[in-house]
Amino acid sequence: MQEIKFQIDASKALGDLRRFSAEKLRKADDAIMNAAFYLEGEVKLSIAGQRAENKSVDTGKFMQSVKGTREKRFAASVSSDVNYAKLLEFGTYKMGPRAHFRNSLARSKDRIIRFIGDSVK
């Protein structure tokens, strides 16, 4: 399978979790999931051609396969399990990369950091 997966894991960034209240930890965990859902939306907009990358919609299967999911506490991922996801993301010798996941992450990085940082203020 050619799955592509990007993970948002804030467990190391949050450091010593004992310094945060239970409420702030819950908010941080929720913020990580919200960040994954935001990134999922950005990847889908990219696939649909509403961002800088070329449109990658034929049947809609690729776009529908993009999902944000919780991996563990303080970690979530955005992935696609269609068998051609990596081929679209990284390209082939006949086709250049579309980079929907990588470019969406690069554009969204600051916002994702703010989601998480604001949750523990």
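**View 1. Confidence along the predicted protein chain.** The mean pLDDT (the predictor's confidence in each residue, from 0 to 100) of the protein chain is 90, and 95% of its residues reach 70 or more. Confidence is lowest in strand β1 (residues 4-9), with a mean of 87. It is highest in helix α2 (residues 61-65), at 96. Helices (H or I, at least four residues) and strands (E, at least two) are DSSP runs, numbered from the N terminus. This is a predicted model: local features need pLDDT of at least 70, side-chain atom pairs count only at pLDDT 80 or more, and totals for chains, interfaces and linings use all residues. Residues are numbered from 1 along each chain as its sequence is written, and side-chain values use heavy atoms, leaving out hydrogens and water.

**View 2. The largest nonpolar core.** This core has 27 residues. A nonpolar core is a set of buried Ala, Val, Leu, Ile, Met, Phe, Trp, Tyr and Cys residues joined through side-chain atoms within 4.5 Å. I8, L14, I32, F62 and F101 have the most contacts inside it. Two or more residues come from each of β1, α1 (22-47), β3 (75-80), α3 (85-90) and α4 (100-119). α1 gives the most, with 9 residues.

**View 3. Surroundings of I32.** Leaving aside neighbours within four places in sequence, I32 is in contact (heavy atoms within 4.5 Å) with I8, A10, F74, A75, A76 and I116.

**View 4. L14 in its loop.** L14 lies in the loop between β1 and α1. Leaving aside neighbours within four places in sequence, L14 is in contact with R19, F20, A28, F74 and V120. The C-alpha atoms of L14 and V43 are separated by 26 Å, with the two residues 29 apart along the chain.

Definitions and conventions. Buried < 20%, exposed > 50% of the residue type's maximum accessible area, 1.4 Å probe, protein only.
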